[in-house]
Amino acid sequence: MVTEQKHLDDIIRNLSQQPEELKDVYTEQFVVQLAHEVFKSHLEHQESVLKASRRRVDSTSVEYPLHRHVSGFTSSLRMSSAEAFLPTSVGLANGLHRPRQKPAILRKISAAQQLSASEVVTHLGQTVVLASGTLSVLLHCEAVGNPKPTISWAKNGEEVKYNDRMLLQPDDSLQILAPIEADVGFYACNASNALGSDSVSIAVTLAGKPLIKASRATVINTESPAVTADIGSTVKTIQRANVTISCQVAGVPEAEVTWFKNKVKLSSAHHLHDGLLLIANVSLSDQGLYSCKASNLRGEVTESSQLLVLEPPQPLPYLEDLTAVLSSAGTGTHSVLTSPSGTKMTVSPGSSALIGCAVDGHPIPNITWLYSGEPLRLQHHLLAAGRILQILNVSDAPGGEISCLAQNEAGSLTQKTSLAIQEYWWSVDKLMACSASCGRRGVQLPQLRCLLDGAEVNISHCKEKPKPALQPIACNRRDCPSRWMVTSWSPCTQSCGGGIQMRRVTCQRLTAKGSSVPMSNEACAQVSKRPVDTQKCNRQPCAEWVASSWGQCNGPCIGPRLAVQHRQVFCQTKDGTSVSSDQCSVLPRPLSTQNCWTDVCSVHWRVSLWTVCTATCGNYGFQSRRVDCVHVRTNKPMLEHHCSWRPRPVNWQRCNITPCENVECRDTTRYCEKVKQLKLCQLTQFKSRCCGTCGKA
């Protein structure tokens, strides 16, 4: 008891040293601490009894209460009623079988221990108020469970980053050295093992303005009938769920909590105890911004949560957009709505199709189109924000299941339709007319038709399909009635002027076996009139082509327009009467125009012999000849233009073009005397040709 009394004296002395703004708080904590000390010896006595009992127990596990709620003493700090009790069962001593147990953090009701003016030690579930002289805060976290739980710490929902001020002690306690205003917040101890987890928080705050435990998480609930979230979270939930928003507040002096929806204060009917707001059986009208305001004499603080009500995709019985698009697409477009159970659509090749996905939900679902469960690979357009699939040419898509997947945060819905493409096919269900009305040669061939959906279409659509084999069918195999049989007409006896031709006419009957039986003329006369067996032919008068004499020859001697001459050709009878050319059409018609040769064209170029070469060597020898245009027959000269239609022969050419080296110095031309007189010997070309003359002195 001496030790206990000394401990209490230290607490009272430390309490007297606290700042004025914290004395009321620690006075309340001291009362709770004092109650704890009063019952401490009783608790130690209970534990000694337990230790003695363990030695008398066999290998079974027994649960004993180690701590009891101290009746009549409660902390005035805000905490949940669940945090006021400790777990009532723990495992026995080592060596006994311990059952597997999920983690449970021990909630202790003792107030924060002020060991000195600068050191605060507390368990979870409490509130620590920092003063200007606080140098250390030690947060205890004790948890039981099998396997042994792993302890971790978080501040305001984020993992604590340890440093030289934020220390993790060997017993998993969190120590904050030289706390500052930035250390203010809600610290959570998390205990976890393979069976589950547990979490309890503690508030570290300053005297004055309240502190709200806020979260910045997004909570999405699509199945559970109830969801709980801390204030500051974005809550997305389904309709008819119960939503609880927790606003955990700490502060000295104690703060008052007020709730708002879209900045309008809520009535007390919406409130639950300990800072909880319950929104029961939520609907779309409950969406909005919910705010928790904590206020005391030193100030106020507000945190808000956005509530969004989700509605999973639901099928609709119609789609107005599809009707509008279909009216502008034309008559050749088929349309269908998908459904959860599946619809069917049969379309013709080459046509287009509109498939609608009629769904609703909140938020508006995203639509994904699939073909046999895979993404679309055929040519298509998406209309009406993806709610309508337009297939431009269904021939590009083999028949199969096309589905639309509607998704939002509340869930998903798949609707589908079965697409079948009509095929062109050959039909032989009709027969052509019989090829004969009687006898043995009558046959019928099946009529080949191209059909689409039972309707006949152009036969070109079936060209890719193999044609069925066609077997002729015998028909009208019976004896024919008696009829006149005629042979071909004989040749006409005259080619003109009137002749006759004949044929044979008999009465016969063709039997079903194919044989022809002669019948009397009377038998055929009862059916039809007897055909004639003689007729006149080639009655036109006999005529022939007659031509006049050729006219004068006119035109050039050569070129595309040669000289031509004309004559008249006409048809006339043998007595000289002119008749139509048609009566001579069977005869070869003489030419009326032909090419001819005029006397002017009887000319040619006449050439004389070449003259002697002017040099015997060198590059300057030449020779010439005379070229004249003369008449072929008279040999008289003509103007040269009469011969211009023929190539003109050359009248000059070089000769004796050989080197003059290594030959004696002599004249090679007869004009050397003139060269010397004109004093041209000094020029090389004259000196070489007149070497002898120019070489004389």
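The dialogue below discusses how to read several features of a predicted model.

Me: How many helices and strands does the chain have?
Reply: Helices (H or I, at least four residues) and strands (E, at least two) are DSSP runs, numbered from the N terminus. The chain has eight helices and 52 strands.

Me: What share of the residues counts as buried?
Reply: Buried means under 20% relative accessible area, exposed over 50%, and partly exposed in between, with a 1.4 Å probe and protein chains only. Of the 697 residues of the chain, 36% count as buried.

Me: Which residues have the most contacts inside the largest nonpolar core?
Reply: A nonpolar core is a set of buried Ala, Val, Leu, Ile, Met, Phe, Trp, Tyr and Cys residues joined through side-chain atoms within 4.5 Å. The largest one has 22 residues, and Ile212, Val243, Trp259 and Ile279 have the most contacts inside it. Strands that each supply at least two residues of this core include E15 (226-230), E22 (276-279) and E23 (288-296). E23 gives the most, with three residues. A second, separate core of 20 residues includes Val359, Tyr371, Leu389 and Leu413.

Me: Is Ser403 buried or exposed?
Reply: Ser403 counts as buried, because its relative accessibility is 6%. Its place is in strand E33 (residues 400-408). Leaving aside neighbours within four places in sequence, Ser403 is in contact with Thr368, Trp369, Leu370, Thr414, Gln415 and Lys416.

Me: In what order do the five strands of the open sheet stand?
Reply: Strands of a sheet pair through backbone hydrogen bonds, either parallel or antiparallel. Two strands pair if DSSP finds at least two bridges between them. Here the order is E4-E12-E11-E7-E8, and the pairing is mixed. The edge strands, E4 (127-130) and E8 (158-159), each pair on one side only.

Me: How many bridges join E11 to E12?
Reply: Nine bridges join strand E11 (residues 185-193) to strand E12 (residues 196-206), and the two run antiparallel. Ser192 stands opposite Ser197 in E12.

Me: How many salt bridges does a search of the whole structure find?
Reply: Side chains of opposite charge can pair when their charged atoms come close. A salt bridge is a side-chain nitrogen of Lys or Arg within 4 Å of a carboxyl oxygen of Asp or Glu. The search finds eight. In one of them, the side chains of Arg165 and Asp183 meet at 2.9 Å, N to O. Arg165 lies in the loop between E8 and strand E9 (166-168) and Asp183 in the loop between strand E10 (174-177) and E11, so the pair ties together parts that are 18 residues apart in sequence. Arg165 is partly exposed, at 25% relative accessible area, whereas Asp183 is buried, at 4%.

Notes: Residues are numbered from 1 along each chain as its sequence is written. This is a predicted model: local features need pLDDT of at least 70, side-chain atom pairs count only at pLDDT 80 or more; totals for chains, interfaces and linings use all residues. Side-chain values use heavy atoms; hydrogens and water are left out. Contact means heavy atoms within 4.5 Å.
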